[in-house]
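This report describes selected contacts within and between the chains shown below.

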Amino acid sequence: MRRVAIVGAGLTKFYRNAQETPKELAYEAAKMALESCEMKLSDIDCVVNGTAPDAFDGVHMKGEYLSDGSGAYRKPYMRHYVGGGTGVLSPIHGWFHVASGMFDTCLVVAEEKMSCAYPHPAGAFLTIFDHTTEQPLYPTLIWIFAIEMNRFMTTWGYKKEDIALVAVKNKKNAMDHPSAQLPGEITVEDVLNSEIMAWPVNRLDISPTSDGAAAIVLAAEHVARRVTEKPIWIDGVGWCLDTAYWCTRDLYYPDYVEVAARMAYKMAGIKEPSKEIHVAEPYDPFTYKELHHIEGLLLAPRGKSVEMLKDGYFNRDGNLPTCPSGGALGVGNPIAATGLMKIIEIFLQLRGEAGKRQVPGKPTCGLAQAWGDLMQVGTVVVMRS
Amino acid sequence: MEITDKMVAKTATKLSAEDIQKGKVLSVKWTPKLKYAWDNGPALGRYLAELKNGRIIAKKCNKCHRILIPPRMFCELCWVPTGEWVYVQDTGIVNTWVISYVDWKASRLDIKGGVRPYTPAVIEIDGATKGMGILHLLNEVDPWKIYRGMKVKAVWKPPEERIGAITDIKYFKPIE
Amino acid sequence: MAKRVAIVGIGTTGFRATTPDVSYRELTYEAAMKAYMDAGIEPKDVDSFVSTAEDFFEGYSIADEYSPDQLGAVLKPIYTVPGDFIHSLASAYMMILSGIGPISVVQGLSKASNMLTLSEMVTFAMDPIYNRPLKESPHAVAGLEMARFMYETGTTREQIAKVVVKNKRNALTNPYAGHGVLIDIDYVLNSEIVSYPLTQMDIAPHSDGAVVAVLAEEETAKALTDKPIWIRGIGWCSDTPGLETRNWGEAIYAQIAAEMAYKMAGIRYPRKEIDFAEINDEFSYKELQHLEAMRICKKGEAGPFTAMGGTEINGEFPVNPSGGCLGVGNLFELNGGHKVLEVVRQLRGEAGKNQLKNVTTGLAQSWRGIPTTTGTVVILSN
Amino acid sequence: MALIERFQKVTDVTYWEGQIPMSYIYTVGRAGEKFFREMIDGKILGAKCNSCNLIYVPPRIYCERCFERLEGHYLEVGTKGKVHTFTQCYETYEGTRKENPSIVAVIRIDGTEGGFVHWLGEVEFKDVYIGMPVEAVFKDKKDREGSILDIKYFRPIK
């Protein structure tokens with residue numbers, strides 16, 4: 001197994017409605033990633049693409065459609081997905097390409113253009129449910145989030161006003177992110193008073209639907225050392241899927257995240273994650289999800305994450321900053337691109353290039369995580385400078 | 001700092017929904033017809049047929065002894081073919097639930113106009129192994145008075161209206 | 001490359017136009033059970049899984065959700081490649097080489113019969129701005145490509161029809177194939193024109209089925225089986241997706257993918273060093289176009305070579321002894337899976353009446369169908 | 001076999017019908033916006049990549065081969081080209097049989113690597129050949145709306 005580094009990154013702005021076609025969004029991110037490490041398309045050996053359901057962009061076999069914008073012209077090119085976990089699976093999939101010795105460089109592109117879908121992008125989530133036993137009830141994605149949030153709250157006695165702090169923290173962090181779609185200074189009351197979507201989920205508990213793309217360049221060690229002085233190493237990867245029979249699982253705890261995290265920690269040689277990880281980007285499509293995931297990642301004891309949140313433990317200047325980027329809640333959530341945005345945030349934090357968002361203390365080990373499908377996917381990447 | 005600086009550059013163009021819908025920028029419309037008939041197979045086929053009869057059927061794994069609902073031809077955990085069919089009750093308890101003010105298209109329900117919020121729940125079915133639940137709707141209950149562990153019972157459509165579908169159960173309602 | 005990887009088990013349901021008695025779950029479960037038995041393993045022994053699925057072929061958004069259960073992959077590393085089965089095979093191959101673990105499983109499925117609006121779904125893959133508004137059938141794209149291929153190579157309509165006759169006949173003696181039949185060239189030439197010069201018989205009808213393959217790293221492979229089928233070379237490539245700028249006469253994607261696989265396998269003269277091939281023939285002319293792209297035939301040679309019987313089961317270079325997509329059925333993202341299955345059966349000497357003599361190296365190639373320019377190649381040896 | 005039981009009677013076999021009920025509106029993008037605005041004026045735009053020395057029609061913001069940015073390199077390419085390949089299609093996109101088959105062609109716009117997949121008109125199918133010079137026929141200006149269908153078809157140059 002060869003050591004693989006992230007050497008370049010690119011990210012478009014995230015908007016509710018972007019004018020660019022999905023191909024153009026992918027190009028903007030990919031081009032920026034190449035320029036950031038002064039590489040040309042001809043320096044790239046292979047391309048991987050992460051993008052979630054075709055029902056957003058509205059093109060069947062969306063990976064094929066996106067290939068030229070992703071820089072795949074006449075190159076080995078492969079798409080992968082695991083729903084919302086796709087963005088963090090993307091560097092994992094790219095990592096195989098390089099770690100296996102098959103390729104020296106890999107361009108990883110993630111894109112989502114959700115605004116194409118009408119009457120609302122949320123409609124595309126109807127068809128993630130079992131077509132025979134669940135879809136006839138016309139479920140929506142918010143239902144399963146609310147169902148899970150309710151179970152999470154009931155188990156630990158968490159309160160909505162405490163969980164709302166996640167939105168306050170992330171939207172504030174996003175004010176320093178140039179790509180952010182929904183940054184802002186809000187209060188817990190704003191979250192609680194925002195309209196109810198599906199109790200216990202209010203409007204401000206939810207990340208927006210977005211258009212956007214992200215890209216990174218991966219390189220084998222000998223190439224990485226040549227192109228940059230600050231390679232960021234992918235030292236641990238983990239991913240897994242739980243059963244699709246989601247109603248048979250106890251939703252209070254994300255086993256799928258823990259299994260994925262343990263796999264990544266083992267590979268990275270991490271024994272005490274809460275001490276060894278300096279900065280984390282857990283997936284936060286909904287407020288409670290960040291806490292749910294922090295517990296699953298073993299970064300907080302079960303049932304203790306809210307207390308730690310209230311103590312400022314996860315703030316940008318806290319003991320373990322989480323979502324210093326602003327996360328999906330603040331920066332926006334073009335599904336696959338969000339996961340890769342989180343990878344890019346850790347990349348910048350470990351390089352000390354996160355500008356106003358830089359967490360103090362010169363972090364050297366960070367983690368990004370995403371989640372998806374019917375509350376069943378965990379994808380985790382551990383990175384070191 | 002270079003990458004962060006570049007992100008400030010124009011990489012995408014912000015539009016409003018009106019810009020698109022009112023033609024300020026050009027666009028193309030398309031409504032695909034994406035229709036399917038999915039083979040039920042023996043497990044779901046029997047499940048739906050029994051729903052038409054007003055009964056809920058599950059299947060047992062002879063290895064872990066779980067009684068599985070919805071029924072399946074194999075146990076996804078033991079990974080062996082499942083054994084006998086088991087009728088379970090049309091009652092259960094609420095595991096977790098939602099009070100939804102939106103429908104699947106994210107359109108808001110007219111709550112002020114008197115529309116009752118949707119109250120979907122995971123319902124653990126009596127007779128199946130504890131923790132085995134299905135997604136269904138609750139009704140005939142004040143949405144704000146639903147609680148974990150609440151006992152509920154299926155309200156069936158009249159036999160002549162049943163077609164062999166999960167919606168042959170209209171919803172679940174509380175029982176005392 | 002330090003480690004070698006082999007296919008140590010493979011299972012299938014076979015391929016039929018419809019499979020009304022089982023759901024997609026049971027279809028995969030059956031193929032997986034056979035594959036695990038073939039490899040002598042249980043799912044708990046598997047280190048990683050890859051499934052192959054495209055949303056609108058399955059009728060789900062993010063179809064990967066429904067992949068772990070029927071493979072025994074719950075809470076295991078698994079993800080989905082919306083590509084060809086051979087893409088997934090390459091992923092599994094790379095996972096093994098990356099040290100994720102010595103055993104990896106690849107799954108592919110076709111429930112094509114469950115798609116009621118198939119033509120519309122394929123149209124939905126076209127560019128929404130420049131192509132779709134014309135509302136032309138995806139088969140027009142095949143017609144355009146076939147016409148240009150014939151123009152550039154001088155291949156005749158009769159030579160192309162011979163592909164159909166050969167493949168559908170081969171399928172008759174393949175128990176897994178769903179569309180075998182004895183017809184002659186005239187029958188093909190006189191069948192209804194769909195998009196000139198493409199006729200109804202030039203188009204592979206679709207089939208349902210599943211294939212699951214078990215891959216293992218060298219040491220494990222040798223412990224598990226005395227008939228490992230080694231992956232010697234693998235390649236995949238996407239040309240431009242745009243209809244406006246693509247090369248309409250040649251299959252560049254197949255050429256680049258094959259050269260990548262040849263390089264890995266150390267093959268310089270494919271026609272000599274490879275014994276037979278299973279090649280994508282979703283449309284009859286595609287078999288010839290792909291043969292030429294992969295240097296098995298020179299440009300313009302594939303047609304006459306086929307007409308002379310060079311690609312028959314007893315020919316100089318047998319192509320699609322299984323019956324190909326034309327005889328087995330178009331399986332969409334599973335097409336590569338069927339090709340790999342057939343190459344493995346041949347190399348193990350398990351191909352029954354269609355068994356080729358003294359074969360040691362075979363090539364499986366696939367293409368992702370209209371409107372794509374994406375292809376995959378894998379070279380296997382016993 | 002893999003299942004302990006299977007359907008024993010064909011009358012027990014059932015299926016469940018459903019659909020993916022979505023609609024879409026696609027913005028034509030940055031390059032498309034320029035292209036179609038010019039098309040309303042009866043002009044066809046391409047984009048030139050100077051490093052690869054080729055012209056894309058329709059124009060793109062990027063060269064897919066070298067990733068150079070092509071915005072700022074848009075140019076008019078005229079409305080004439082040649083038939084690169086052609087077909088006569090008897091099937092609708094819904095998979096049903098057409099009453100009147102259409103002639104569909106790939107038209108390479110002269111001097112470019114690109115062009116159109118579009119219809120041929122004012123010509124009999126038997127008279128079409130690869131290499132045939134053709135030109136774009138636009139809809140009446142008042143009917144143009146910035147779509148690929150603003151070109152009615154291509155016709156042979158007499």
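## Two helices of chain C

In α6(C), the residues C:Ile160, C:Val163 and C:Val164 meet C:Ser284, C:Tyr285, C:Glu287 and C:Leu288 of α11(C). Two residues are in contact if their C-beta atoms, placed from the backbone, lie within 7 Å. By class, this contact has five nonpolar, one polar and one charged residues. Ala, Val, Leu, Ile, Met, Phe, Trp, Tyr, Cys and Pro count as nonpolar, Asp, Glu, Lys and Arg as charged, and the others, Gly among them, as polar.

Helix α6 (residues 157-172) and helix α11 (residues 284-293) of chain C pack at about 105°, their axes lying 8 Å apart. The two helices are therefore roughly perpendicular (65 to 115 degrees; under 35 is roughly parallel, over 145 roughly antiparallel, the rest oblique). Axes are lines fitted to C-alpha atoms, for helices over the stretch in contact, and angles run from 0 to 180 degrees between N-to-C directions.

## Basis of the model

The model is predicted: local features need pLDDT of at least 70 and side-chain atom pairs pLDDT 80 or more, whereas totals for chains, interfaces and linings use all residues. Residues are numbered from 1 along each chain as its sequence is written, and chains are lettered from A and ligands numbered from 1 in the order written.

## Chains A and B

The contact takes 53 residues from chain A and 46 residues from chain B. On the side of chain A, α5(A) gives the most, with seven residues. Helices (H or I, at least four residues) and strands (E, at least two) are DSSP runs, numbered from the N terminus.

β6(A) pairs with strand β7 (residues 99-100) of chain B in the antiparallel sense over two bridges; pairing requires at least two DSSP bridges between the strands. A:Trp199 stands opposite B:Ile99 in β7(B).
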